[in-house]
Amino acid sequence: MTLGKTLTVRAPAKINLHLGVGAPREDGFHPLTSVYQAVGVYDDLTVEDGDSWSVDVTVSDWMDRSHVPLDGDNIVDRAAALLAGHHGLAVSGSVHIDKAIPVAGGMAGGSADAAAALVALDRLWEANTSDDDLLALAAQLGSDVPFALVGGTALGTGRGEVVEPVTDTGTWWWVLVPSPIGLSTPEIYRHFDRLFPDAPAVPPMPEPLLAALEAGDPHALAAALHNDLQPAALDLRPDLAKLIAAGESAGALRGVVTGSGPTCVFLCESADQARETAAELRAAHDVVLVTTGAVAGAHPVSYV
Ligand SMILES: C[C@@](CO)(OP(=O)(O)O)[C@H](O)COP(=O)(O)OP(=O)(O)OC[C@H]1O[C@@H](n2ccc(N)nc2=O)[C@H](O)[C@@H]1O
Ligand SMILES: Nc1ncnc2c1ncn2[C@@H]1O[C@H](COP(=O)(O)OP(=O)(O)O)[C@@H](O)[C@H]1O
């Protein structure tokens, strides 16, 4: 082990520009055609070497720390055990998560932390895991975890874990409105099954959205944003429909639920339009974030 080392890895939140969901497979997972984008809201994960193992967390002041499990059930505990097992190492070190990605918000904050833990512990333990092995370990931790390693804008197939970058020439301005109460991903998928018993085996490719990304055209992208889980999320949280309408009437090109929700994301034409939309939404919502995408996947920001 390297002694006296501290390393911080930063991992981004994701939004789903397109989320096509098919009928459940035999293993219970849903086949997806997902276009992910990594956006500039981050969790920072700091690891420090030591013989014992611990995980703790601090959260942004608008978040509830008690929503992050710290009793050995954190996804970071699973990431550490998986990486250590892969190399025949003992789990060691102390981990601190500095969390700004909304918990249970449809923005893959847990997946970001898992990806950051793989990158950070791989360096701390000097394990030199290959990129292919890191991606395979990431997929075992969760469907969204490989994308958190890759970042940028990417197509996700399989159950979301098969990730391939797509051409994206734009700088996209987003307004994000998290919700103080999260939504459960498995519950939203179950509700999707009830609402759409005839979902296809393989969801189709979102060609107009991919063309909009390639062209860097915000109006075309706005028109093409789509989420098959949105009806399920709106059914369980009717307040989100009002939020989407409010963002669009405040000037955003288009608002959608991201992933399983409840965070709503609004695509804007410019930085000014994003700031104006955010200012209007702040009248009724405590937390409204302005950010851009695409940004890099999990990456070290300090190694001292
Ligand atoms: C809905 C999405 C869209 O990107 O994101 P979130 O809203 O959670 O951020 C993802 O599919 C969430 O991925 P992730 O949160 O990694 O899911 P996993 O840990 O793999 O699975 C959690 C549970 O979600 C359901 N699940 C997940 C992925 C998938 N393709 N089909 C599913 O049915 C299953 O019930 C599974 O037990
Ligand atoms: N490091 C972590 N950060 C957030 N949630 C975690 C973490 N580890 C485990 N969890 C659990 O995972 C659930 C889903 O969290 P999260 O990844 O934030 O949401 P989503 O799946 O909607 O993107 C949380 O409700 C929490 O119980």
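These legends describe close-up views of a predicted model.

**View 1**
The chain is assigned domain 1, residues 6-166, and domain 2, residues 172-293. Their C-alpha centres are 22 Å apart. On the side of domain 1, 30 residues are in contact with 40 residues of domain 2. Strands β1 and β2 each provide at least two residues of the domain 1 side, and β2 gives the most, eight residues. By class, the domain 1 side has 18 nonpolar and twelve polar residues, and no charged ones.

**View 1. The shell around ligand 1.**
Around ligand 1 there are 20 residues, of which G142, S143, R159, G259 and S260 come nearest. The largest share is that of α5, with three residues. Eleven residues of the shell are polar, seven are nonpolar and two are charged. Domain 1 and domain 2 each contribute at least three residues to the shell around ligand 1.

**View 2. The shell around ligand 2.**
Ligand 2 also has 20 residues around it. Those that come nearest are I75, A104, G109, G110 and D113. Helices α1 and α2 each supply at least two residues of the shell, and α2 supplies the largest share, four residues. The shell around ligand 2 divides into ten polar, nine nonpolar and one charged residue. Both domain 1 (6-166) and domain 2 (172-293) give residues to this shell, so ligand 2 lies between them.

**View 3. The packing of helices α1 and α2.**
Two packed helices are described by the angle between their axes and the distance between the axes. For α1 (residues 75-87) and α2 (residues 109-124), the axes come within 8 Å and cross at roughly 35°. The crossing of α1 and α2 is right-handed. From α1, the contact is made by I75, V76, A79, A80 and L83. From α2, the residues in the contact are G110, D113, A114, A117, L118, L121 and D122. Nine residues of this contact are nonpolar, one is polar and two are charged. I75 of α1 and G110 and D113 of α2 belong to this contact, and these three residues are also among those that come nearest to ligand 2.

**View 4. The annotated active-site positions.**
The unreviewed UniProt entry places the feature "active site" at K14 and D144. These positions are spread over 131 residues of sequence but cluster in space, with a largest C-alpha distance of 8.9 Å.

For "domain: GHMP kinase N-terminal", the unreviewed UniProt entry lists residues 74-152. The C-alpha atoms at the ends of this span lie 25 Å apart. By secondary structure, the span is 58% helix and 9% strand.

Most residues other than glycine have a negative phi, and most peptide bonds are trans. A104 is not a glycine, yet has a positive phi of about 55°. A104 sits in the loop between β4 (93-99) and α2, and is one of the residues that come nearest to ligand 2. A cis peptide bond joins G261 and P262, with omega about 5°. P262 is in the loop between β9 (254-257) and β10 (264-268). Another cis peptide bond joins G293 and A294, also with omega about 5°. The loop that holds A294 runs between β11 (289-293) and β12 (299-303).

Note on methods. Residues numbered from 1 in each chain as written. Chains lettered and ligands numbered in written order. Predicted model: local features only at pLDDT ≥ 70, side-chain atom pairs only at ≥ 80, totals over all residues. Near = placed C-beta within 6 Å. Nonpolar A, V, L, I, M, F, W, Y, C, P; charged D, E, K, R; others polar. Domains from an automatic or database assignment. Axes fitted to C-alpha atoms, helices over the stretch in contact; angles between N-to-C directions. Left-handed = near helix turned anticlockwise from the far one by under 90°. Contact = placed C-beta atoms within 7 Å. UniProt positions renumbered as here; feature names shortened; annotations may be inferred.
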